[in-house]
Structures are given as C-alpha cells and as structure tokens.
Amino acid sequence: MSTAEKLTADEKALLDKMISGEINLRKIEEHLDKDGSAKLRRAFLENQKNVELDHISTYSFDTEAVAKKNIENFIGAVQIPLGVAGIIKISGDYAKGDYYLPLATTEGALVASVNRGCSIITKSGGTTVRVFKNMMTRAPVFKFSTLDETKDFYDWVMLPETFAKMKEAADATSRFGELLDVQAFVSGNNVHVRLGFDTKDAMGMNMITIASEAITKLIADEKGVACVSLSGNMCTDKKPTAINAILGRGKTVVAEARLSASFIEETLKCTAESMFDVNYRKNFIGSMRAGALGFNAHAANIVAAVFLACGQDPAHVVEGSLCVTEMDLADNGDLICSVTMPAVEVGTVGGGTSIATQQECLKLLGVAGAGAVPGENALALSEIVTAAVLAGEVSLIAAQAAGHLARAHAQLGR
Ligand SMILES: CC(C)(COP(=O)([O-])OP(=O)([O-])OC[C@H]1O[C@@H](n2cnc3c(N)ncnc32)[C@H](O)[C@@H]1OP(=O)([O-])[O-])[C@@H](O)C(=O)NCCC(=O)NCCSC(=O)C[C@@](C)(O)CC(=O)[O-]
Ligand SMILES: NC(=O)C1=CN([C@@H]2O[C@H](COP(=O)(O)OP(=O)(O)OC[C@H]3O[C@@H](n4cnc5c(N)ncnc54)[C@H](OP(=O)(O)O)[C@@H]3O)[C@@H](O)[C@H]2O)C=CC1
C-alpha cells in the first residue's frame, strides 16, 4: 500500500496543499508532529517521483528528539546491517578488558576479518593502547591590509596574556570545554588561529565552534579585527590534511600487539615474514608512491563501521583514515604490529550518540554517556576504535600475504 493510501482525510488535504506548492516540505511541521510530517513528506515524494518509500518508514527511535537535534526534513531511516566482532582484549588506560565490537557495514567479509584480527590479538595477550594527545581544534581566519598589521596581530595572539583572555572567554561558553592551546599560522596578510580544546566526553565540534566564536568576539573588541570565517580550514574538519596527520586532532592514539609466529601460521594462514613484507611494500612503499596521507590498508573501513554503529559523525572517517600501520619482526620471530591514529574524533555524549540504536552499541562497549570522570568515556572509546583498527589491519594484511583477498570477498561479499 502506498503512503498516500494510508492517509486520513485531513492528511490527504494537507498532501494536496503540498502538491499544489501551498505548503513546502519543511513547513509541514507547522501542521503535524514529527512522525506525521515524515509520513506526509514520504507521501509527497512518492507522488512526485512515482516510487514506494515503504522500508524507510520503519524505525524505533524517539522521533521528536531525533528530528529536533539530528535531522531536518525527516522522512524515515535507512537500516545498515550490524555485526559483532570479538572478543578483543584491550589494555588501555581507559578501556580495560574484553570487548565485543559493534560494526555497521554492508561490506561482506569485513566483520569476519576484524573478528579474525580480534581472535589472534586476544590469543597473543591482547593489545596495549595509549592516548598521546587529546585536543579538538577549530581555526578561524583573519585578514589584514598590511604586513605590519599582520605581524602585530600574530605577535599579540602569541602573548601569554592573550591566551589567558581567550581562555576566559572560551571556557565561559561551556561547563565542560576548556581551551588548551593556541597556534597562529601566517600566509601573506592572513592569519589562521588554530584553537585546541579539551572537549571531555563530547566529540566537541558544536561546543568548540561556540567557544571559538566567543574568542573572535574578544579579538574584535580588543583588536578591532573582524573574523573572515570561523573555520578557515586549518582546523581541519572533515578534509584529509597533513596538519591533522602531523599535529593530531581529537585523540592521537596508538595500539600495539605482539603476535607469535605460530599463532600467525595457525590463525592467519601465512607467516610473520610475509606480513612484514606485505606491510612494507604495500602500506609504506605503495602509500608513499601514491602520495597518501595515511599509510594503512583499510583503517577507514573499521572507523566507518564503528562510527556508524556508535553515533559518531561519519564525515570524521576522513581523519580516521590518517593511520600509520607498522609491522616489525622481533628477534624471536614474533611480529610486532601497531597502528598510530593521529586523529580519532569521538564522543559519548552529543551528536548522534543519544539515538536509541547507537546508545545500545555504546552500552555494549560500556561507554554510553558521560564518564564518571568527565572525558573518560570518550577516551575509552578512542582506545577501542584504535584497537579495532589494529584487528582489521592485521587480518587484511594477512589475507593479502596469504593470497586470500579475492577468495574471501568472493565467498563472503557477493
Ligand atoms: C574472510 C577471512 C576472515 C577468512 O579467513 P580464514 O582464515 O580463511 O577463515 P577461517 O574459516 O579459518 O576462520 C578464521 C577466523 O576468522 C574469523 N571468521 C572467519 N569467517 C568468519 C565469519 N563468517 N564470521 C565471523 N568470523 C569469521 C573467525 O575469527 C575465525 O576463527 P574461529 O571463529 O573459526 O575460531 C580472511 O580471508 C580475511 O580476513 N580476509 C580479508 C577480508 C577483509 O579484510 N576485507 C576488508 C575489506 S577489503 C577493502 O575494502 C579494502 C582494500 C582491500 O581495497 C584495501 C586495500 O587496498 O588493501
Ligand atoms: N558546529 C560545527 O561546526 C560542527 C558540528 N558538527 C556536529 O556537532 C555535533 C557534535 O558536537 P558536540 O559539541 O560534540 O555535541 P553537542 O553539541 O551535541 O553536545 C555537546 C554538549 O554536551 C554537553 N555535555 C554534557 N555532558 C558532557 C560531558 N561529560 N562532556 C562534554 N560535554 C558534555 C556540553 O554542554 P555545555 O557546553 O553546555 O556544557 C557540550 O557542549 C555532531 O552532531 C556533529 O555532526 C560536526 C562538525 C562541525
């Protein structure tokens, strides 16, 4: 049955007004609640495009909450299959213990692969994970007329007294956010001011954009300089950049595991030497020749799957792909594997984390909501994501070393 056939007489009258252009897609909410508005939009689209929008009408989350803070022109939901990999034993500073990883994907063989990586890592004693840096960034840009004005502003930004004033203005905008660092980058008569914040359990982009605006107001008051754009692209949000790879953004995290040669042969069907060789020629030489920013096999695959499951901003997979995967042979023949993730941008409050299905995945990981100590749940999630990436890298490199890549996808992915 089409959506139009399920409408009441009143709803049909509203649909006629939408079709005639009297009420637009957005304004239908002035007449109906969020679910009703979604139904009318689907009926309108079915009428306009001669399609059936049946499956997207099925969802179980709280529509009022979702349509208020997560989506506009709401029409329903798409479903992404969700699998689980694990257990994986993680020894982080925040994530400690055995974890089942929720992975949302449509790529057959991905969950199997991560599962295999979890299995060998856990058999080998688990992965050690450490967070080296924790700072989300926003970088407004300011323009000047002369180089002397540019230099004067640059010097002022770098003063400790200026940092103190900026911190006072920024920290007043949030109960949780804290300004940690200010760096200025000059280019001709433009100055990009890269502001770094601790955002505690939030990924933090809404929070720090508000805080950064308070800093631009302070700058306007103190220096009479107008901000050209609150984001001048040196932040850098949602674009692949060297600055994020080098200086980090969000959490900079490393996960390491030492895999024994015999487990590699038994579980991964290849040798430590062959994995070392593939990793060197593929992830290092191949990535270097390709001009890549990330030197890895498929970090983005795992970041995307965990992010979709756990309500993270999927566009931040870009930064998640800036991963360096290393594999080194130890004297006793073991393979020491690590992933270095300079920019893991995650939160356990805010954004999509409160949507019911994503909440369940965060609960499965034991990191839903605010940490007992603010920030600790987001830090734990960043360690889990990095451990999951290590599992994916180990398994895929092994599959390529064993010559199993095409076979795996032929069997599981089509
Ligand atoms: C597919 C496997 C795992 C088979 O691997 P296998 O060793 O032949 O399988 P197995 O049947 O002997 O099982 C070994 C373990 O794998 C796991 N496993 C095995 N099957 C399943 C399953 N159905 N469901 C859940 N877990 C599974 C599981 O942990 C199992 O242990 P067990 O549970 O039996 O003790 C392996 O060949 C593999 O990992 N291949 C790589 C696949 C992969 O990583 N794909 C990711 C995407 S590739 C891509 O998109 C990016 C790319 C490739 O273009 C990037 C690039 O340029 O490199
Ligand atoms: N605005 C932008 O330019 C961009 C926005 N986004 C979007 O931003 C959203 C994420 O922004 P984000 O700031 O993380 O989330 P939200 O703005 O959704 O929520 C964060 C707020 O939650 C409150 N909060 C409650 N408990 C805690 C806690 N323990 N730790 C930290 N904060 C807590 C804080 O409020 P308070 O500050 O009042 O104390 C904080 O500012 C996503 O939807 C993403 O897609 C993404 C990129 C850019």
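Predicted model: local features only at pLDDT ≥ 70, side-chain atom pairs only at ≥ 80, totals over all residues.
Local features were taken at pLDDT of at least 70 and side-chain atom pairs at pLDDT 80 or more, whereas totals for chains, interfaces and linings use all residues. Residues are numbered from 1 along each chain as its sequence is written, ligands are numbered from 1 in the order in which they are written, and side-chain values use heavy atoms, with hydrogens and water left out.

Helices (H or I, at least four residues) and strands (E, at least two) are DSSP runs, numbered from the N terminus. Strand 10 (residues 335-344) is largely enclosed by the rest of the structure, because eight of its 10 residues are buried; buried denotes under 20% relative accessible area, exposed over 50% and partly exposed in between (1.4 Å probe, protein chains only). Pairing requires at least two DSSP bridges between two strands. Strand 10 pairs in the antiparallel sense with strand 8 (residues 250-259) over eight bridges, and A255 stands opposite V339 in strand 10. Strand 9 (residues 324-329) runs antiparallel to strand 10 and is joined to it by six bridges, with I336 as the bridge partner of D328. Five residues separate strand 9 and strand 10 in a hairpin, and G333 in its turn has a positive phi of about 95°.

Ligand 1 is surrounded by 21 residues, the closest being E107, S113, K269, K282 and S395 (a heavy atom within 4 Å). Polar contacts are pairs of N or O atoms within 3.5 Å. An oxygen atom of ligand 1 lies 2.3 Å from a side-chain N or O atom of K282, and a nitrogen atom of ligand 1 is 2.9 Å from a polar side-chain atom of N115. Helix 4 (110-123), helix 14 (376-402) and helix 15 (405-412) each give two or more residues to the shell around ligand 1.

The whole structure contains 19 salt bridges, defined by a side-chain nitrogen of Lys or Arg within 4 Å of a carboxyl oxygen of Asp or Glu. E29 forms salt bridges with K34 (2.7 Å, N to O) and with R41, the closest N and O atoms being 2.9 Å apart. R41 lies in helix 2 (residues 34-49) and E29 in the loop between helix 1 (9-20) and helix 2, so the pair ties together parts that are 12 residues apart in sequence. R41 is buried at 1% relative accessible area, whereas E29 is partly exposed at 29%.

Notes
Polar contact = N/O pair within 3.5 Å; in protein donor to acceptor, adjacent residues only side chain to side chain.
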